[in-house]
Amino acid sequence: MAALLRGVRLLFPIEESVFLSSRSDIIVDPKRFVRGLRRKPVKVLSFEDQAAKAPKQPLPSRPDALAAKQEVKGNSPAAPTRHPDRTDPANTRSETAKHPHFTITADQVEGLRYERAFPGDKRLSRLVSVARSRTFREHQGKILLEGRRLICDALEAGARPQTVFFSSLDRLRELPLDKLRGASIVKVKFEDIKIWSDVVAPQGVIAIFSRPDPSRLNYLQRGQSMPLSLICDNVRDPGNLGTMLRCAAAAGCHDVLLSKGCVDAWEPKVLRAAMGAHFRLPIFHNLDWDEIKNHFSNAVAVHVADSSCGHQLRGNKEDDRTPRLSKPGDYGWISSSSNRKKMKYEEYHSDSGSESEDEEISLPRLEPKVYFESWAQSPAALVIGGETHGLSTEAVQLAEKTNGYRVFIPVVPGVDSLNSAMAASILLFEGRRQLLKLLQTSGKKRLESKAERKLS
């Protein structure tokens, strides 16, 4: 029967649609798609499989043996085989013409050798993960610097590089090559740097440095500093701390001290916000208040930045310019809890707590000063507290012992306070102005005294 139907279909090919239709509904011939259903999916081969299955090419014979064979046959000696790792002289001349100050050879620039990272190399990911953790940074003594400017500032200050990762030779030439002799230089793909970079548009160079010692670095503006120091107390925001360090460097501060409770100064976010300030002035971190007190001489007066004096002065009478303080909460950026010896940092307690605890803590009474009044009349140190936790009680006690002031910036009613980094910039530059004026006045007095001595 099947053979009969097949013969009928061959006799009437035009009427095939008649046999494949039923009730005016077209039935698709299933034989057309049988081959498609029996097809197997295409096998996807990885790069490693292709490299393993590729036929191995025979090793090139030695040039001397090849030349001896050709001499026996009567032919001229063959040209020497070019090693694939050696640089083409034509390419070398073209690169030298582009950069006449550099001599480029295979894996070498101006005598500085570098190595290429092989596929699957995990040195970049391992070192970056270590440098990003504060615990590992302190334990292994490593920091991470990214970008040409930050790396150049570190090298100029005398920081010791360990490993430098770069994506192109142009990025490597932008660095002082003579100061990278003892470091390991590794060329990686730009995609790898982009994966481990913290910035949106990476520059293609990342370096791992040994954690610098503030007492051994050669700071760029050491001879232009003023007798003014910045003390950061409980500053936990990386952006604020980096901005404070940048303002301290711009104002010509002598040094910066970070108390326990501050964010790590070598965190990547702090480094980016500081814009190289770590290598322009000494930064001492993780200090307790006894160490901070012993850091200064007896001639230094410690002042605290307070944000609530302006509101209190507006509320008092005109003839009474001294605000009355009954508990620690009356101070603007001061925590109402004291730091204990067994605890590195005490969390902030709001004023809604028990008043008995506040009354037990006796805070000193400091004279308030508006920021443009004369408060920096001697070598000074300014304490800036964090916005969340505020100043510690030890900071106010140290200001009382050194005859310091409560310096504040008046703001319009309805505004709580300024950002801590913004307040630090205003007060530091005002302190610089007052100290410069004091130095100019003392210089004039010395000149006048010398002139009087000559006349007499």
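Arginine 236 is found in the loop that joins β11 to α12, where helices (H or I, at least four residues) and strands (E, at least two) are DSSP runs numbered from the N terminus. Arginine 236 is partly exposed, at a relative accessible area of 36%; buried stands for under 20% relative accessible area, exposed for over 50%, and partly exposed for what lies in between, with a 1.4 Å probe and protein chains only. The C-alpha atoms of arginine 236 and glycine 385 are separated by 9.5 Å, although the two residues are 149 residues apart along the chain. The model described here is predicted: local features need pLDDT of at least 70, side-chain atom pairs count only at pLDDT 80 or more, and totals for chains, interfaces and linings use all residues. Residues are numbered from 1 along each chain as its sequence is written, and side-chain values use heavy atoms, with hydrogens and water left out.

For an overall view, the protein holds 18 helices and 17 strands. Of its 456 residues, 39% are buried. Contacts (heavy atoms within 4.5 Å) are counted here at a separation of 6 or more, and 78% of them join residues 24 or more positions apart. The exposed surface comes to about 28700 Å², with carbon and sulfur atoms supplying 53% of it; the areas come from the Shrake-Rupley method with a 1.4 Å probe, and for residues only the protein chains shown count as cover.

In soluble globular proteins, nonpolar side chains tend to be buried together. A nonpolar core is taken as a set of buried Ala, Val, Leu, Ile, Met, Phe, Trp, Tyr and Cys residues joined through side-chain atoms within 4.5 Å. The largest such core has 36 residues, and Cys232 and Val256 touch the most other members. Two or more residues each are given to this core by β11 (228-233), α12 (238-251), β12 (255-259), α13 (268-274), β16 (380-385) and α18 (420-455). Apart from this core lies another, of 29 residues, with Ile151, Phe166, Ile185 and Trp266 among them. Returning to cysteine 232, its contacts, not counting residues up to four places away in sequence, are Leu241, Met244, Val256, Leu257, Leu258, Ser259, Cys262 and Ile384. Isoleucine 384 also pairs up in space with aspartate 306: the two lie 78 residues apart in sequence and 8.4 Å apart, C-alpha to C-alpha. Aspartate 306 sits in the loop between β14 (301-305) and α15 (309-315), and counts as buried at 4% relative accessibility.

Two helices give a picture of how buried residues are covered. In α7 (residues 123-132), the buried residues are Leu124, Ser125, Leu127, Val128, Val130 and Ala131. Their cover includes α8 (134-140), β7 (142-146), β8 (161-166), α11 (190-196) and β10 (205-210). Threonine 163, in strand β8, is buried at a relative accessible area of 13%. Its contacts, leaving aside neighbours within four places in sequence, are Leu127, Ser184, Val186, Ile206, Ala207 and Ile208. Helix α9 (residues 148-157) is mostly covered, with seven of its 10 residues buried: Leu150, Ile151, Cys152, Asp153, Ala154, Leu155 and Ala157. The cover of these residues includes β7, β8, β10 and α13. Glycine 158 follows α9 and has a positive phi, near 100 degrees.

Positive phi values also turn up in residues other than glycine. Methionine 275 has a phi near 55 degrees, lies in the loop between α13 and β13 (283-287), and is partly exposed with a relative accessible area of 33%. Asparagine 286, with a phi near 55 degrees, lies in strand β13 and is partly exposed at 41% relative accessible area.
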